[in-house]
Structure formats: structure tokens, C-alpha cells
Amino acid sequence: MSKTLPGISRRHLLLSSAAAFFVAIASSAGATIIKGVTPFKPFDYSPPETLGPGGWYFFTPQEGQTIEALVERLIPADDLSTSGKDAGCAEFIDRQLAGSYGTFERLYMQGPFVTGTPEQGDQSPFVPQQRYRIGLAALDAHCRQTLQKPFAELTAEQKDKVLSGVESGDIAFKEIDAKLFFGILLQNTMEGFFADPIYGGNRDMVSWKMLGFPGARYDYRDYVELHNQKIDLPPLSIAGRPEWKKRG
Amino acid sequence: MATKLPKTDVVIIGLGWAGSIIANELTDEGLDVVALERGPWRDTATDFNIASAADELRYSQRQDLMLRTVQNTITMRNNPSQTALPMRNWGSFHPGNGTGGAGNHWAGITFRFQPEEFRLKSYLTEKYGSAAMPKELTLQDWGTDWSEMEPFYDAFDKVAGTSGKAGNLKGEIQEGGNPFEGARSSEYPTRPLKQPYGPTLFAEAARNLGYKAFPVPSALISEPYTNSLGVTMGPCTFCGFCTNYGCANYSKASAITTILPALVRKSNFTARTNSEVLRIVMDSTGKKATGVVFVDTSGNEWELPADLVVVTAFTFENVRLMLISGVGTPYDPISNTGTTGRNYAYQTANGVQLFFDDKNFNPFIGAGAVGMGIDELNNDNFDHSGLGFFGGGSTRVTPIGAAPIGNRPTPPGTPRWGSEWKKETVKNYLSTMSIGCEASSYATRNNYLSLDPTYKDRLGRPLLRVTFDFPQNDLKMAQYVTDKVEEIAKAMSPRQIVKNPAKGSWNGGPYQSSHIVGGFVMGADPKTSSINKYLQSWDVSNLFVVGASAFPQNPGYNPTATVGALAFKAADAIRSLYVKNPGPLVQA
Amino acid sequence: MKQLSLTTVGLLVLMTTVSFAQSAREDSFEQIERGRYLSVLGDCSACHTAPGGAPFAGGVVLKTPFGNLVGSNITPDVETGIGRMTEEEFQKVMSDGIGKGGYHLYGAMPFTAFTKVSKADNSAIYAYLQSLQPVKNPIESNQLPFPFSVRTSLIVWNYLNFQKGEFKPDPEKSEAWNRGAYIVDGLGHCGTCHTPKTALGGDKNDLFLEGATLQDWYAPNITADPHKGIGSWSIEDLTQYLKTGTNRFDTASGPMAEEVENSSQHWTDADLQAVAIYLKDGRNADAKPPQPIAATDNRITAGREIYADRCSACHTPSGEGIGRLFPKLAKGPLVNNDDATTLMRVVLAGSKADGTHAAPTGPIMPSFAWNLSDDDVANVLTYVRNSWGNAAPAVSASDVAAIRKGLQE
């Protein structure tokens with residue numbers, strides 16, 4: 001009810017914006033029937049699947065350490081940007097694995113699982129959670145065996161060498177295809193580096209600033225015909241950007 | 001046991017472009033129409049909220065708007081000697097789901113096919129002689145012609161508000177348009193889009209070499225437009241989150257932005273979403289459909305009786321429903337008998353990448369159909385005498401956007417991680433562009449659709465099996481056109497050119513195109529086609545199957561405008577011929 | 001069908017001010033059709049037809065600051081409707097605010113406006129209502145808590161707020177102007193939503209049509225004020241808005257969308273024209289706009305960035321909007337009204353512009369409650385309200401917070 005000017009409220013309808021037609025947004029045992037009016041509900045939106053900051057949702061502390069060490073080498077700190085670790089890539093991967101991606105909830109995972117031709121793509125029965133859990137353990141086992149230390153404790157040079165070996169197939173794991181593991185690790189690390197910061201990576205939009213990508217902007221009408229010109233637009237996240245806050 | 005619902009005049013399976021066009025036409029005729037859509041209701045403000053629409057991880061990587069493979073997918077193999085395996089994550093193509101279907105996340109490129117296309121086999125044989133026809137190809141005529149198709153292309157353009165410049169207006173070639181297009185009865189409904197730098201540079205270089213560059217016809221429209229149904233769309237803002245994404249500001253033409261607002265208001269139209277059709281129900285003769293059985297999200301089965309069944313569920317599901325429901329004889333490539341599943345084709349995607357040092361393309365400004373194109377290298381627009389192949393490709397620069405998970409080009413040989421990777425990525429991000437050549441895909445005896453013997457969907461029905469590989473014809477064509485595109489690229493003086501023609505076997509992994517065609521093709525001869533020129537089944541006269549499944553082969557053009565035109569064509573036949581006199585409309 | 005006594009019929013014929021050549025039988029086809037049109041003009045179904053319910057069978061709950069009232073059953077059911085009501089009694093409802101049996105009606109039934117309706121028109125409405133399908137639907141209209149439930153208190157209310165009397169045309173003005181005035185002041189009861197209210201819920205008559213809040217919507221100023229009202233709208237803008245729900249400035253949403261859907265989209269072109277002419281000739285045509293807040297104000301600079309990122313892609317960088325799709329924010333009267341309730345509501349919850357037959361699109365403003373903080377909403381609205389020729393008071397984060405809380409209850 002109104003708290004500002006006193007006034008007679010005209011109506012309180014059972015549904016908002018009803019029309020003369022009979023509005024049937026009824027559920028009929030799991031089907032939705034639309035007739036007469038296209039549906040509308042106030043406050044309706046389709047939320048992105050995100051998890052809050054802080055701690056690990058999926059990784060154990062030890063796995064978390066290893067992942068941080070991995071993303072730190074895949075995307076090293078240099079004069080172009082901070083490392084993948086400081087950008088939050090490990091946190092990103094952890095959140096993804098804790099969500100629907102981690103269990104391949106949306107994918108067809110019925111058997112039989114058969115290795116096919118290269119053209120037939122990924123036929124592994126392992127979901128991402130397994131690929132990481134098994135892969136990280138296999139990686140550390142390999143490092144302890146050959147270099148007497150787990151991956152996270154190797155020197156930067158050693159880490160890079162191991163990574164190259166896993167990438168090329170020179171290093172093999174018993175429990176899982178090493179190239180399969182490297183593939184998902186690299187893919188997710190890059191996703192974490194370049195995705196919107198709401199997913200836990202790309203902290204402070206570091207990669208977008210590095211590239212000159214303005215982020216989740218939507219109106220370039222005033223810029224489309226500025227040919228061969230640098231456009232300085234501070235990047236925008238789904239969560240907004242610092243310039244939205246009052247200054248002074 | 002399915003619960004029976006009250007009978008309706010018409011049931012339409014799938015509420016994308018084709019289903020919405022037909023539903024709107026048939027409700028105008030006074031028929032009661034129920035549309036069943038497997039997926040959810042989609043709405044711009046809720047599903048494509050401007051604050052959440054520009055999300056590359058969600059829509060491009062996790063494919064949020066597309067059909068989930070857990071709900072339905074296909075199995076694939078390159079040839080009949082292999083065992084097909086499931087496509088567990090969409091790679092090569094992106095089928096849609098929900099009202100609007102893939103029409104919500106499409107790129108919006110809206111070419112028409114050319115007049116010769118509708119009698120391609122006869123035309124090529126007449127021009128080059130039957131000895132020149134590669135033996136591996138099974139090209140066919142469509143059973144219709146340009147004069148029958150053009151009014152329906154026009155109707156689709158007027159619903160979608162397509163932006164462009166006519167190249168052939170009533171037989172007169174127009175400056176600035178595509179001189180190879182079939183004669184149009186009207187100019188495009190909205191003017192061409194403004195162009196970013198890349199397409200402009202390409203057009204200039206192409207024109208200097210004698211090509212006629214023109215703006216790519218676009219269903220991302222350039223200016224506000226109220227269409228033939230009274231529905232209004234707004235202008236495209238070049239956000240760069242286009243292909244794979246829904247549009248937040250009503251500027252990408254789709255069923256939800258152009259038809260459903262008017263259609264849903266009609267009292268003789270009902271949509272049921274989250275309703276997946278299991279099969280068409282036939283009477284005891286097998287020659288008449290009595291309705292459909294569908295399942296809701298609780299697993300309850302319902303039977304909806306109808307006098308007329310229209311199938312508009314996308315190529316894959318159209319053909320799978322026909323196979324599951326026993327319409328027509330399944331095609332067998334070995335004996336070369338049967339029709340359901342034959343003449344499956346795709347699109348042959350080629351590209352040339354140009355790395356510059358001294359240019360800033362602002363590649364994040366763009367949209368799926370913003371761009372400039374040339375058509376001299378397409379279909380039979382050039383002389384194929386002695387070349388040893390037929391077909392060609394539509395060549396265009398269409399910067400669709402540069403969201404960086406998927407768009408961070410580096411020269412071949414660049415490491416995929418580490419400092420060197422990062423350096424090359426930053427160096428090339430703003431200064432790289434691509435010329436695409438979306439080329440024809442010609443049907444062969446061994447490329448076909450069938451039911452998989454092993455893999456099933458969650459309801460126990462067999463998945464559709466895709467047996468496809470690029471014919472030698474298409475691979476030769478791909479090399480040829482890509483080399484020609486390279487010449488244009490050279491004229492633009494980049495630092496480095498990388499050619500990417502289609503080669504080797506079709507790989508189901510990397511994205512190429514969602515232009516999947518054939519499997520339930522139209523034609524004049526029931527021995528080699530499944531539907532007549534009105535999209536009516538030869539076997540079941542109260543069944544119309546509409547979509548790109550009707551194409552006997554694919555030219556070097558995007559298919560959606562032709563799908564829209566065929567939908568108007570089928571609806572027109574139902575309205576003006578079928579309802580007056582139900583039964584076969586064409587005597588074979 | 002009730003039979004009027006001969007004397008009543010005679011009185012009716014004598015007292016008729018509008019001349020019509022047809023028969024005066026109360027159930028003649030033309031009379032009923034005229035009554036039907038008048039009931040659309042007055043949008044009776046808005047309060048007397050529940051959504052999905054039988055026509056005019058009542059049941060619409062009206063939330064007032066004093067408690068709930070429920071629209072009564074005005075089908076001719078003899079037990080629960082107006083089946084036993086005489087035409088004279090109906091006349092008293094409309095002109096005096098007195099119900100059958102002599103009790104006072106609450107002003108939620110806008111008899112303060114309907115008093116202006118002519119006896120001939122009331123007669124036609126009565127004939128139409130009596131021709132409806134009777135529906136058994138007992139309604140207890142008075143659901144106010146004590147002491148408001150005591151109707152005799154309305155005697156005082158009427159004394160303060162009620163000016164009884166039929167509409168008197170102004171001989172200086174055109175026929176169309178008078179017709180417009182008759183509709184706006186009378187059956188159309190525009191002031192019931194658009195006129196600010198006193199503490200007792202009566203109209204502030206000296207501020208006629210200057211805007212009022214109802215249930216977290218703001219019905220804007222529709223005087224001829226060029227800044228806050230419809231002074232800058234042309235006749236065409238007004239008639240198009242009422243007929244289609246949309247014009248180059250704006251699209252109706254919320255309660256006004258329903259008004260267009262149920263009422264004004266069905267008016268004759270002549271009546272639309274008349275109302276437009278009358279409104280354009282309204283008060284405050286010389287009103288001067290206030291000074292806008294300076295562009296350097298830090299609320300404006302923050303709001304500018306938010307607008308560019310979230311609003312511009314639809315409403316355009318210059319606030320011009322797109323006709324029939326995205327409302328024009330530049331110099332839009334709703335934007336310039338002091339009260340920003342509707343603006344806050346629309347940004348937080350989203351809003352659907354109902355499609356009409358002429359304009360079926362029905363675009364939806366997306367909801368930003370999940371994405372913008374109270375501060376963000378306040379700043380972007382302050383920016384919009386003070387850019388491109390707009391000038392209006394700033395919006396505060398606490399206002400936004402209150403609306404957000406109220407809407408989600």
C-alpha cells in the first residue's frame with residue numbers, strides 16, 4: 001500500500017495486467033498453456049548460475065593448491081597482466097565444477113562409451129569433476145615419482161616442462177588420458193580468464209582491460225562507423241563497473 | 001496410457017519460425033490450431049534481459065539456449081562402415097529449443113536461394129552435359145520454381161523486416177545490390193545496416209578486383225520496423241553478442257519478436273510448451289494421421305487428435321519423427337531404396353584469416369549478419385567448365401563480435417598457453433579479421449539420416465543417426481573458392497594470411513554451421529522425394545512436413561529465408577487448396 | 001425485465017436533455033447498445049468484472065488506505081445483484097452516491113464524477129445492465145474495518161468532497177470540447193486516478209488531473225502543463241495513445257494498459273478527439289519547468305554511466321526511445337512528474353505494455369531489481385529526470401528501497 005500520498009488505490013488484481021481474454025497461465029501437470037496473452041511476471045529474470053566468493057566448493061585444499069599452481073603457469077604474470085591465479089581462474093574452475101557443468105548435467109551421458117574416430121570427438125565417460133579429481137591425483141603422482149615433489153612445489157621451469165609433456169602426450173597417466181585432462185584444464189583456465197567476473201575469474205576485468213575488450217556492453221551505434229580508431233571504453237561486467245559509483 | 005484431449009483442427013509440432021508462420025496463417029483462415037513445443041516459453045525481457053544477455057560463458061560456451069543433449073541429440077559417423085557415436089556436446093551445429101527455436105540465437109543472414117536452385121539437377125545437366133555430373137552426387141530438382149517461391153520469400157521478408165539493398169528489382173539490376181539474386185518483386189523492407197571497418201575494407205578491395213560487393217541481407221534490422229502483422233521491432237545496436245545469444249532489444253527477427261505477439265492474441269490459437277511429441281498417430285490404413293501423442297515434464301502422455309498434422313520441428317526432429325512414426329519407407333543407401341532420410345546435406349564452411357599490424361577493427365562491434373559480401377564465387381555464378389566440380393560459396397566479412405573466450409586469434413604455431421601465447425593474443429586481438437566462404441553441400445548416396453540401432457533418448461526412443469562426409473566434389477570446390485578468396489585477401493596487404501578450407505573428413509567437434517538440410521525432401525517424383533511441392537507427404541495426405549528437411553541439397557546460402565518461404569508456401573496451399581478439398585494435392 | 005411505471009416513463013421523457021428521435025422504451029436495441037457503449041466509456045468492468053469472472057458480477061477487491069472494498073454485483077440477479085433496483089434508484093446511485101435502500105456509497109464508486117452523467121445516459125446504462133445475464137454472486141462490498149465501516153460518516157465526507165450535479169456545457173466552447181469535458185469529468189472519471197487525493201481519500205479539486213499515486217503506480221499529471229503534463233502532446237498523440245495504448249512518447253502499462261484494453265481502445269474516433277481537445281485546453285498551459293540538476297552533480301555522472309550500459313540500447317543515447325516499442329524519456333511527462341513511483345517500480349519489477357489490436361507487440365521492460373542496487377536505480381533515474389530537457393526532483397536510494405520492499409511483499 002502507498003506510503004507517500006494518501007490515495008484511494010484503484011484495484012488489487014489477482015493477476016497483473018489482466019486483459020479481457022481469459023488468461024490461462026495454468027500448469028497442466030508440467031505443461032504450460034499459453035492462450036490470449038503472452039506471459040509476464042513482475043521481477044522475472046533468468047539468473048546466471050554463480051556461487052559466492054571465498055573457500056573451495058569442490059576442490060580439497062590440496063587440490064586447490066595444485067590448481068592454483070597450474071593456472072599460474074598456464075597464464076603467467078608478466079607486464080601484460082597478472083597471473084591466472086591472481087585473476088581467479090582456480091576459483092572459477094572450482095565454481096564450475098560445483099555447478100551443473102561439473103557433472104555434465106546437461107549432456108548426453110548414456111552408454112555405451114566407446115572410443116571412436118577423431119571426428120567423433122569426446123566419448124569419455126568421465127564428467128569434469130572426475131577429470132579433475134583423477135587428473136590432479138595422477139599429475140601429482142607423476143611428479144612425486146619423477147621429480148620427488150608434488151606439482152605445486154616444483155620450480156616454475158619444472159612446472160612448464162611437465163605441462164608441455166602432458167599437453168603433447170609425452171607424459172602419460174594410467175588412470176586417465178593425460179591429454180584429455182590437459183584439454184579440459186586449458187579450456188576451463190581460459191574460460192576463467194576471459195569470462196565475466198561474476199563467475200569468479202577475470203578479477204577486476206583484468207583480461208578485458210589487457211585486450212581492450214569493453215565487456216558486456218550493448219549499444220555501439222555511436223561507434224560502429226569510427227573506422228580504424230581506438231575506442232577507450234572501460235569494460236563492463238554483468239555486475240556493473242566502478243564508474244557506476246558516485247565520485248566526489 | 002495416453003489421456004485423450006479434445007480434438008483440434010490443426011496440430012503443429014514445434015513453435016519456431018516455420019511453426020509460427022503456419023500457425024498464424026491457419027488461424028487467420030479460422031482453423032483451431034494447437035502448437036506443441038518441446039521446450040519452454042521464451043521471452044525477450046526474461047530470457048534475454050539486457051543485464052544478463054551479454055554472457056559469453058553461459059550462452060556461447062555452455063550453450064544455455066540450445067537444445068540440451070541430455071534431452072535429445074544425434075549420433076554421427078562419416079560413412080556406413082563405421083559405428084555412429086553420440087554427439088555428447090554440440091560441436092558442429094547448435095539446434096535450438098523453446099518457442100522461437102534456433103531462430104532466437106541465429107546469426108540473421110537472410111539470403112534467398114537463386115531461381116536455378118529449384119531445378120538444380122536439370123539446370124546443370126542442360127548447361128554442362130550429363131557427363132560432367134560427378135557420379136557421387138545425387139542432386140535433385142525441387143518440384144517447384146522461382147515464380148512459385150518468390151511471393152513467399154517476399155512474405156517472409158515483410159514479416160522479418162530484412163535489411164538490405166536489392167540487386168535485382170523486377171528484372172532490373174540495381175547498383176549496390178547482389179546482381180546474382182533472383183528478380184525480387186519488392187525492395188528490402190529496411191535499409192542496409194551501417195558497416196564496421198572490416199567489411200568496408202573488404203568491399204573496397206573486392207570492388208577494386210572487379211567484384212560487386214553488397215550488404216549482406218540481415219534480419220538484425222537497421223531501423224524501427226512494424227511488420228505485416230503490426231508487430232514492431234527496434235534497430236540493431238551492434239552489441240557483438242549475436243550468434244548463439246538471444247537479442248535483448250527486439251532487433252533480431254525471430255518468431256518471438258515478429259509473430260507470436262500477434263498470434264497468441266487470437267482466440268483460436270493455443271500453445272502448449274514443455275510438451276514433447278513422441279509420435280504421429282496413424283489410423284489402421286497407415287495413410288491418414290489421426291493426431292499426435294506427446295509427453296509433459298511429469299512423464300504423462302497425452303493424445304491430441306487433429307484433422308491436420310504439421311511438423312515443423314527442425315530438420316533432425318522432422319526426420320526422426322517420420323522414421324519413428326513410420327511415414328514413408330526408410331532410405332537404405334546400399335540398395336538405394338526408400339525416401340525417408342535420403343539426400344541429407346550440410347554446409348561447407350571455409351575461411352581465410354588476415355593478420356594485420358596496422359589496423360584496428362574494433363571486432364567486438366558487430367552482429368551476426370552485419371557485413372559485406374560478394375557472390376561471384378557462389379553456386380553456378382562462375383563457369384565450371386572443366387573444373388571437375390560444381391557449386392561454390394557466398395563470400396562475406398561478417399564481424400559477429402569478439403567475446404574473448406572464443407575469439408582471440410593467433411597465427412598458426414603460436415603456443416596455446418604461457419607468456420608467448422599471451423603476447424600474441426594481445427598483439428592480434430584488435431587487428432585480425434576473417435573472410436568467410438559459406439559454400440554449397442551437395443547430396444550423395446551415402447549421406448543420409450536413419451535411426452540409431454544402439455543409442456536411445458531418455459524416453460527410450462532411438463536417436464537420429466547422421467551419416468555424413470564431405471563429397472570429393474565439395475572438397476575440390478572448397479579448395480578452389482578458398483584460393484580465390486585468398487587473392488582478395490592479398491589485395492588487402494595483411495602481414496599474414498591463413499587459409500582454412502574445408503578438408504578431410506567432416507569433424508563433428510568444431511563449430512561449422514547449423515545449416516542441416518534434407519532427409520525428407522520435396523520433389524515431383526515420389527520415388528525420390530517424401531513430400532510434394534506443397535510440402536504435403538506423398539504417403540499421408542493430412543501430414544505436412546516443413547523445414548530445411550525439404551531441401552534436396554544445399555546451395556552456398558544460409559537456409560532460414562527459404563525455410564520461412566516454404567512455411568508460407570505450405571500454409572498458402574493448405575488455405576487455398578487443402579481445406580476446400582482435403583486429399584492429395586498433387587497427382588504423382 | 002422491469003417495467004417502468006407510466007409516470008416514471010413520462011418524467012423520463014420530459015427530463016431528457018439530449019434529444020434522440022428513437023423510441024424511449026428502455027429495452028430497445030438502440031438504448032441497450034448505447035448503454036453498452038457508455039459502460040465501456042466508463043470502464044465499469046474495471047471494478048465490477050473480476051479477471052476470469054462473469055461480466056459485471058463483481059468481486060474486484062479495491063485496496064484503499066482505509067481497508068478493502070469490493071466491487072458489487074451489478075448483473076440483474078434479483079438476490080445478489082441489481083435485479084430489484086429501479087431506474088430511479090440507479091439514477092440516485094450515479095448522481096447522489098446513494099445506494100438502493102438509502103445508504104451512502106463510499107467514494108471508491110466514483111459518484112463524485114458520475115454525478116455529471118446525464119439522466120438519459122444513466123437510463124441507457126441501466127437498460128444495458130438490466131439486459132445482462134443475471135449471475136448469482138453475493139458480494140459484501142463493505143469490508144472496511146470499524147469505524148470506516150460505518151457509512152453515516154460519509155455524510156461528512158460528502159459534505160467536504162462531493163459537488164452534486166449534472167454536467168453543464170460551456171456555451172463559449174465547441175461541441176467537441178463539451179463532449180470531451182463530459183467524458184473526462186464524468187463517466188470517464190479520469191480524476192479518480194489522476195487527481196491528487198486528500199487525507200480522507202477525496203479529490204483535491206483545485207489540483208484536478210495533476211497526478212496521484214495508487215498501489216505503487218503513479219497516474220501522471222494530464223493537465224496541459226507542457227513539462228509535467230500533456231501540454232507538448234498533439235491531439236494526434238493523445239488520440240493515438242488512448243486508442244492503441246502507444247504513441248511516439250510512451251506506451252501504457254499497469255492500470256492504464258487495462259484502461260486502454262477494456263475501455264478507450266473501443267471508443268469512437270469522435271469521442272477520442274473530443275477528450276483530446278478538452279485535455280489540450282486544460283490548466284497549467286503556462287507552467288514553467290524547474291531548473292534541472294547540474295550535469296556535474298555526482299548522482300548525474302554516476303547515472304549517466306548506468307544509463308549508457310543498461311538503458312541506452314533500447315531507449316537510445318538521447319532518450320528518444322523507439323515509437324510503439326521503447327518509451328521516449330526525453331521530455332516525457334511521466335518522467336518529469338515530481339512523484340517517481342512508477343519509474344522506480346518499472347525499473348525494479350519490469351513492466352508489460354499490453355498489446356492491443358492495433359499495436360499487438362506488447363514489449364516488456366525487463367526487471368533490474370536483481371542487477372541494480374537502490375543507489376544505482378536512484379542515480380540512473382535522477383540522470384534521466386534531468387537530461388535532454390527533463391527537469392525533476394532527484395530520486396533517493398531510500399525511496400527506491402521502500403518501493404522495492406513494498407512491491408515484493
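Me: Is Glu148(B) buried, partly exposed or exposed, and at what relative accessibility?

Reply: Glu148(B) counts as partly exposed, at 25% relative accessibility. Buried means under 20% relative accessible area, exposed over 50%, and partly exposed in between, with a 1.4 Å probe and protein chains only.

Me: Before I go on, what sort of model is this, and how are things numbered?

Reply: It's a predicted model, where local features need pLDDT of at least 70 and side-chain atom pairs count only at pLDDT 80 or more, while totals for chains, interfaces and linings use all residues; side-chain values use heavy atoms, with hydrogens and water left out. Residues are numbered from 1 along each chain as its sequence is written, and chains are lettered from A and ligands numbered from 1 in the order in which they are written.

Me: OK, back to Glu148(B). What does it form a salt bridge with?

Reply: With Lys533(B), the closest N and O atoms being 2.7 Å apart. Glu148(B) sits in helix α5 (residues 146-160) of chain B and Lys533(B) in the loop between β21 (496-500) and β22 (543-545), so the pair links distant parts of the chain, 385 residues apart. For salt bridges, the cut-off is a side-chain nitrogen of Lys or Arg within 4 Å of a carboxyl oxygen of Asp or Glu. Helices (H or I, at least four residues) and strands (E, at least two) are DSSP runs, numbered from the N terminus.

Me: How many salt bridges does the structure hold over all chains?

Reply: 61. One of them joins the side chains of Asp64(B) and Arg58(B), at 3.2 Å, N to O. Asp64(B) is buried at 12% relative accessible area, and Arg58(B) is buried too, at 8%. In chain A, Asp219(A) and Arg221(A) meet in a salt bridge at 2.9 Å, N to O, and both residues are buried.

Me: Which residues are linked in a network of salt bridges?

Reply: Glu276(B), Glu317(B), Arg320(B), Asp457(B), Arg458(B) and Arg461(B).

Me: Switching to sheets. What's the strand order in the open sheet of 4 strands in chain B?

Reply: β5-β4-β20-β19, with mixed pairing. The edge strands are β5 (85-86) and β19 (448-456), each pairing on one side only. Strand β4 (residues 74-77) and strand β20 (residues 462-467) of chain B run parallel over 4 bridges, and Thr75(B) has Arg465(B) as its bridge partner in β20(B). Pairing here needs DSSP to find at least two bridges between two strands.

Me: Which helix packs on that sheet?

Reply: Helix α9 (residues 315-325) of chain B, which touches β4, β19 and β20. Its direction makes about 120° with that of β20(B). Contact means heavy atoms within 4.5 Å; axes are lines fitted to C-alpha atoms, for helices over the stretch in contact, and angles run from 0 to 180 degrees between N-to-C directions.

Me: And why is β18 of chain B described as largely enclosed?

Reply: Because 6 of the 8 residues of strand β18 (residues 432-439) of chain B are buried. Strand β15 (residues 348-355) pairs with β18(B) in the antiparallel sense over 8 bridges, and Leu354(B) stands opposite Met433(B). Strand β17 (residues 393-397) also runs antiparallel to β18(B), joined by 4 bridges, with Arg396(B) opposite Gly436(B).

Me: Now chain C. Where does Asn390(C) lie?

Reply: In the loop between α16 (374-384) and α17 (397-407) of chain C. Asn390(C) is buried at 2% relative accessibility. Leaving out residues up to four places away in sequence, its contacts include His227(C), Pro292(C) and Arg385(C). Asn390(C) and Pro289(C) are 101 residues apart in sequence but 8.6 Å apart in space, C-alpha to C-alpha.

Me: How many residues of helix α15 of chain C are buried?

Reply: 9 of its 9, so helix α15 (residues 341-349) is mostly covered, buried being the class defined by accessible area. Just after α15(C), Gly350(C) takes a positive phi of about 80°.

Me: Last one: is Tyr159(C) buried or exposed?

Reply: Exposed, with a relative accessible area of 71%. Tyr159(C) is found in helix α7 (residues 154-161) of chain C.
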